[in-house]
Amino acid sequence: MTRPTPKEIGAVAAVAGVSVGAEVATRIANSIGPAFEGFAAVAGTLPFDLEPATFVVAQAGKASK
Amino acid sequence: MTTEPALMSLTSIAQVIAQKQLSSREATQSCLDRIAQWQPRLNAFMAIEAEAALAAADAADADLAKGNNRGALHGVPLAHKDMYYEAGKVVTCGSRIRRDFVATTTSTALQRLKDAGTVRLGSLQMSEFAYGPTGHNAHYGPVHNPWGLAHITGGSSSGSGSAVAARLTFAALGSDTGGSIRMPAHFCGVTGLKTTVGRVSRAGAMPLSQSLDTVGPLARSAEDCALLLGLMAGADPDDPTAVAGPVPDYSATTTGSIKGLTIGVPTAFYVDDLDSEVAGILDATMAVLKREGAKVVQVELPDQRQLTAACQLVLAVEAAAFHKRWMIERPQDYGPQVLMRLQNGLAIPGVTYLEAMRWRGPALAAHLAAVAGVDAVIAPVAPVAAPTIAESDVGNSPDAEAVIQRLTRFTRPINYLGLPSLAIPTGFTSSGLPVAMQLIGRSFDEATLLRIGAAFQRATDFHDPVPKFA
């Protein structure tokens, strides 16, 4: 997973209903880009049947180690 | 009483009021006197309600005289972060947008403290919409650190940290989504408890991120935090995420020894790139814990940078979703940095957000497996003591997010995992600024953290000094 470009961010923001200019899109790309890079090793690797609710299961100590 | 009442601990003031050795009016007046002295320098309060507080204190005293003790905090004056709704009160959330917002409901956490008999002093400053780790606020000005007025308090519970440190309130509610209780506790030299996700109801607390938000106290000691947590924790029909089941007697746990407990210190990440004084204080803290009977061992944790990144993705999306309407209708009414950070959430695809949420369970399970042999993990709250307000005033500059991420790098992984963490004062730098360490526990095991924190505070006095009004 790579960080989104300012152009992509402009398009995604417009679809979300909050248009941003080119300068703001560039700033967003620089701000959030490291999060995409940090998560890259995980993204696209998760098993098919993994649901967000497994967090609550893990909290209760029932998740497999 | 020869001691200035406001200088007493929450536990002590509650006891002396209940025993009629001191009136609620005397305790409240003592706090108001200190607020009048310090507020012009600290900007810690959003609103001061002196007349109403004294009237409520008189009513509490009258009740007690008739034998009607309302609860464990009867007549104790408190103020809280200005994001806890109280019906009929303005709750600004540190924002211009909600400058005149009057709540129609009362938050569960606040109501439970009111039911225990507390008196309201007013409300405390905070970062705008709880979205900032330094204590700057574009609308109401920065909150100042009583240990050095030119220095930040940390945020977003900036007023809570500053006011508790200066002894303007006996304790205060904060909230912690990415470090917002632990950062002010660290920078201001007070004790702060980030609770497990689900431990305390969030009903009536301003939302920032529904997956990460937690309610918790800042106080002068672990003992005081235990008292507050015991009153607030537990199921709530108004918040289905608040976990049912018995609430432990947290206060009882604070009297226990730590002999036989094992505390892990991470081999990496939390010990990397530390300021030398912070590193020295971490070593000294471990020495105290060993002296008190704990075993300290090294633990190898999973990659914390991935957790930090996942936390950032979740927080950015959820915050943007809460704020979308105002981002469209009133963008000019946000401070520049908050608007910038809210806009970050627009860039994250839904699939990426959900991957970050789906990974949370396995990530927590991996962490719990890594710490299976220890009762708690110890780590710095931040790599440095409080920077100055001027040097951390980065606004919406291109490097602002990087500065924010550096400051919060040791707190965000814990929010992603939803774990409890207790920040305790553990020393001072050579320039007199406080430094705290965080004790990180297993889900819903606040009791062990409070036990360790209280034992440490019985053996040391880093939580006792009061900033001098110069």
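User: What is B:Glu401 in contact with, leaving aside its neighbours within four places in sequence?

Analyst: In this predicted model, B:Glu401 is in contact with A:Ser31, B:Gln312, B:Met340, B:Arg341 and B:Asn344. The residue itself lies in helix H14 of chain B.

User: Why is B:Glu401 called buried?

Analyst: The cut-off for buried is under 20% relative accessible area. B:Glu401 has 3%, so the residue counts as buried.

User: What makes the pair B:Glu401 and B:Gln312 a polar contact?

Analyst: The distance limit for such a pair is 3.5 Å. The side chains of B:Glu401 and B:Gln312 come to 3.3 Å, and the pair is listed as a polar contact.

User: Which residues of H11(B) are buried?

Analyst: Eight of the nine residues of H11(B) are buried, so this helix is mostly covered. Among them are B:Met340, B:Arg341 and B:Asn344. These three also touch B:Glu401.

User: What do the buried residues of H11(B) pack against?

Analyst: One partner is helix H2 (22–39) of chain A. The others are H10, helix H14 (400–407) and H15 of chain B.

User: What makes B:Leu417 a buried residue?

Analyst: Its relative accessibility is 0%. Buried means under 20%, so B:Leu417 qualifies. B:Leu417 lies in helix H15 of chain B. Not counting residues up to four places away in sequence, B:Leu417 touches A:Phe55, B:Leu307, B:Ala363, B:Leu364 and B:His367.

User: How do you know that chain B and chain A bury area between them?

Analyst: Interface size is often given as the accessible area lost when the parts come together. Here that area is about 3100 Å², with 68% of it on carbon and sulfur atoms. The contact takes 40 residues from chain B and 35 residues from chain A.

User: How many salt bridges and polar contacts link the two chains?

Analyst: The count of salt bridges between chain B and chain A is zero. For polar contact, the rule finds six residue pairs across the interface, both residues at pLDDT 80 or more.

User: Which helices of chain B supply at least two residues each to the side that touches chain A?

Analyst: They are H10 (304–329), H11 (336–344), H12 (350–358), H13 (360–370) and H15 (412–417). H10(B) gives the largest share, nine residues.

User: How do the residues on that side of chain B divide?

Analyst: There are 25 nonpolar, 10 polar and five charged residues on the side of chain B that touches chain A.

Methods:
Residues numbered from 1 in each chain as written. Chains lettered and ligands numbered in written order. Predicted model: local features only at pLDDT ≥ 70, side-chain atom pairs only at ≥ 80, totals over all residues. Heavy atoms only, no water. Contact = heavy atoms within 4.5 Å. Buried area = accessible area lost by both parts, 1.4 Å probe. Salt bridge = Lys/Arg side-chain N within 4 Å of Asp/Glu carboxyl O. Polar contact = N/O pair within 3.5 Å; in protein donor to acceptor, adjacent residues only side chain to side chain. Helix = DSSP H or I, 4+ residues; strand = E, 2+ residues; numbered from the N terminus. Nonpolar A, V, L, I, M, F, W, Y, C, P; charged D, E, K, R; others polar. Buried < 20%, exposed > 50% of the residue type's maximum accessible area, 1.4 Å probe, protein only.
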